[in-house]
Amino acid sequence: MTYEEVLNLFHNNWDNILHDEMKKSYFKYIKDFVKEERLSKTIYPPAQDLFNAFKLTDFNDIKVVILGQDPYHGEKEAMGLSFSVRRGVRTPPSLKNIFKELYDDLKIKRTDTDLSDWAKQGVFLLNTVLTVEKDKANSHKDIGWEIFTDYVIKQINDKLDNVVFILWGRQARDKKRIITNPSHYIIESAHPSPLSAYNGFFGSKPFSKTNKYLKEHNKKEIIF
């Protein structure tokens, strides 16, 4: 599958929501920039995985948004879902801390690093920036992805109700300005990275808070 084909193959309600946005000049610049970068550098995630969050969680099924910074930049880690890595790949420190908080919060001992099961339950796993150069965190910041993810979050804010937004880290928390629908529930904290997890991520109890809110609004709780 080519990069161009991936852009329009969600086969769900995202197709209509993103179709016109992906034709805008800024998005064409992103596409051309990343395509050129892939010719001489290792860019994550692979093109076929770039929009996995949109493929696995249909727009109308979104109950929770977990928003991170940019994809993992280690070898073979990024898979198009924020904080998720495929089975058999080294568990990144941020994900280890997420699992630690999950255990402390809900006493769930999770070892499966692939979070696709969360995505299929309505957890939209998005980063503020969708690509990164190998071993260079935030290397694709300010190429235009922030415009795109602003648009995506605005669509969720405007067209859906009672969504839980979990914002981890400064770049994710910056999106709070877009979440203006009073029906939504925002949980925000420091990023789960070892550099910041002790500054408010640990002890934030995002998982129990999420399920409590979903239950109160007659939505099926997430099996984390």
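A polar contact is a pair of N or O atoms within 3.5 Å; within protein, one must be able to donate a hydrogen and the other to accept it. In this predicted model, the side chain of threonine 128 makes such a polar contact with the side chain of glutamine 171, at 3.3 Å. Threonine 128 sits in the loop between β3 (123-127) and β4 (132-133). Its relative accessible area is 1%, so threonine 128 is buried. Neighbours within four places in sequence were set aside when its surroundings were listed. Threonine 128 is then in contact with Leu67, Gly68 and Gln69, with Trp145, Glu146 and Thr149, and with Gln171, Ala172 and Lys175.

Aromatic rings were examined next. The structure holds 22 aromatic pairs. In one of them, phenylalanine 51 and phenylalanine 148 have ring centres 6.4 Å apart. Their planes stand at 75°, so the pair is edge-to-face. This pair links distant parts of the chain, 97 residues apart. Phenylalanine 51 belongs to the loop between β1 (43-44) and α4 (52-56), and phenylalanine 148 to helix α7 (residues 145-159). Both phenylalanine 51 and phenylalanine 148 are buried.

Another pair joins phenylalanine 54 and phenylalanine 124. The ring centres lie 5.2 Å apart. The planes are at 75°, so this pair is edge-to-face. Phenylalanine 54 is in helix α4 and phenylalanine 124 in strand β3, so the pair ties together parts that are 70 residues apart in sequence. Phenylalanine 54 and phenylalanine 124 are both buried.

Helix packing was examined last. Two packed helices are described by the angle between their axes and the distance between the axes. The axes of helix α5 (residues 93-106) and helix α9 (residues 206-216) come within 7 Å. They cross at roughly 60°. That angle makes α5 oblique to α9. From α5, the residues that meet α9 are Ile98, Glu101, Leu102, Asp105 and Leu106. From α9, Pro206, Phe207, Ser208 and Asn211 take part. By class, the contact of α5 with α9 has five nonpolar, two polar and two charged residues.

Technical notes
Residues are numbered from 1 along each chain as its sequence is written. This is a predicted model: local features need pLDDT of at least 70, side-chain atom pairs count only at pLDDT 80 or more; totals for chains, interfaces and linings use all residues. Side-chain values use heavy atoms; hydrogens and water are left out. Helices (H or I, at least four residues) and strands (E, at least two) are DSSP runs, numbered from the N terminus. Buried means under 20% relative accessible area, exposed over 50%, partly exposed in between (1.4 Å probe, protein chains only). Contact means heavy atoms within 4.5 Å. Axes are lines fitted to C-alpha atoms, for helices over the stretch in contact, and angles run from 0 to 180 degrees between N-to-C directions. Angles under 35 degrees count as roughly parallel, over 145 as roughly antiparallel, 65 to 115 as roughly perpendicular and the rest as oblique. Ala, Val, Leu, Ile, Met, Phe, Trp, Tyr, Cys and Pro count as nonpolar, Asp, Glu, Lys and Arg as charged, and the others, Gly among them, as polar. Rings of Phe, Tyr and Trp (its six-membered ring) pair if their centres lie within 6.5 Å; planes under 30 degrees apart count as stacked, over 60 as edge-to-face and the rest as tilted.
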